[in-house]
Amino acid sequence: MLKKCPLMIDVHAHLASKAYADIDVIIARARSCGVRKIVMSITDPREYHAAKAIVERHPQSVFLTVGFDPCCFDQGLFDDFISLASSATIVGIGEVGLDHFYIRDDEQRSLQERRFRLAISIANERRLPVVVHSRSAGKNALALLHSEGADQVLMHAFDGKAGDALAAAKGGYYFSIPTSVVHSEQKKKMARLLPLESLMLETDSPVLAPVRGEINEPANLIRSAEAISAIKRIPLEDVIAVTTANASSLFNI
Ligand SMILES: [Zn+2]
């Protein structure tokens, strides 16, 4: 069945993660499982050199977005992120955003917000898409994106209300369904409610594995496509074709 399928794109994976002993093996396995392109995200500027080396070894299949962990409050690292986001050869800014799950303090939340706004303004200026982390802060993140006039947006692993996601999708924002959809009722609901034209596929490797607790990798991406196909009763080939077209148009890859 897979042979007839067009290529898949994993729109969110942390390939520079220390979870991987040999990333070239991981990328080769992804390719053999139909994943031809991977959008790699970093959330710490110190990962940049490792990430850049991976892109240089796999220029046709790995593309980079640079972001910043919303739970990190180190000003020096944030400044380094800003200079990378403003100048590096990348296909998007991210992941950036809000995390109200780990961060409960009001002052830290407002610092997250200011930094998120700054990241969005750089994305707008560079005409790059923004990849958004919004843990326990989905509605806030969407409101902030709208207020900043962001128009090229991928909400990754959105954990908010599917209804809020649908309203944003109608306004042109994209949502990527992670491989954890196989055991997450909330992700299943997202896949059911949102139109295929607003969806992409992601693994968020090394986390959000189809089997809880395992190290995830892009080779598992088909599990997201299969879940969407089963939930929406749409042929797998169509799910792959549309999500791939969405990803290649947003990231221009
Ligand atoms: Zn991530």
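This is a predicted model: local features need pLDDT of at least 70, side-chain atom pairs count only at pLDDT 80 or more; totals for chains, interfaces and linings use all residues.
Two packed helices are described by the angle between their axes and the distance between the axes. Helix α7, which spans residues 185-193, packs with helix α8, residues 222-232, at an angle of about 60°, and the two axes are 9 Å apart. The crossing in which α7 passes α8 is right-handed. On the side of α7, the contact is formed by Lys188, Ala191 and Arg192, while α8 contributes Ala227, Ile228, Ile231 and Lys232. Sorted by class, the residues of this contact of α7 with α8 comprise four nonpolar and three charged residues, with no polar ones.

Helix α7 also packs with helix α6, residues 162-170, here at an angle of about 35° and with the axes 9 Å apart. The crossing of α6 and α7 is right-handed, and the contact is made by Ala162, Ala165 and Leu166 of α6 together with Lys189, Met190 and Leu193 of α7. Five nonpolar residues and one charged residue make up the contact of α6 with α7, and no polar residue takes part.

The largest nonpolar core contains 74 residues, of which Met40, Val130 and Phe175 touch the most other members. When residues up to four places away in sequence are left out, the residues that Met40 touches include Ala13, Leu15, Ala51, Ile54, Val62 and Phe63. Phe175 also provides a point of reference for Ala230, a residue of helix α8: the C-alpha atoms of Ala230 and Phe175 are separated by 18 Å, and the two residues lie 55 residues apart along the chain. Ala230 is partly exposed, because 14 other C-beta atoms lie within 10 Å.

Most residues other than glycine have a negative phi, and most peptide bonds are trans. Against this background, a cis peptide bond joins Gly94 and Glu95, with omega of about 5°, and Glu95 belongs to strand β4, residues 92-99. Another cis peptide bond joins Ser205 and Pro206, with omega of about 10°; Pro206 is placed in the loop between β8 and α8. Ala157, although not a glycine, has a positive phi of about 45° and lies in the loop between β6 and α6. Ala157 counts as buried because it has 25 C-beta neighbours inside 10 Å. Arg233, likewise not a glycine, has a positive phi near 55° and is found in the loop between α8 and α9; Arg233 is exposed, because 6 other C-beta atoms lie within 10 Å.

Methods
Residues are numbered from 1 along each chain as its sequence is written. Axes are lines fitted to C-alpha atoms, for helices over the stretch in contact, and angles run from 0 to 180 degrees between N-to-C directions. Helices (H or I, at least four residues) and strands (E, at least two) are DSSP runs, numbered from the N terminus. A crossing is left-handed if the near helix is turned anticlockwise from the far one by less than a right angle, and right-handed if clockwise. Two residues are in contact if their C-beta atoms, placed from the backbone, lie within 7 Å. Ala, Val, Leu, Ile, Met, Phe, Trp, Tyr, Cys and Pro count as nonpolar, Asp, Glu, Lys and Arg as charged, and the others, Gly among them, as polar. A nonpolar core is a set of buried Ala, Val, Leu, Ile, Met, Phe, Trp, Tyr and Cys residues joined through C-beta atoms within 7 Å. A residue is buried if 20 or more other C-beta atoms lie within 10 Å of its own, exposed if 12 or fewer, and partly exposed in between; C-beta atoms are placed from the backbone.
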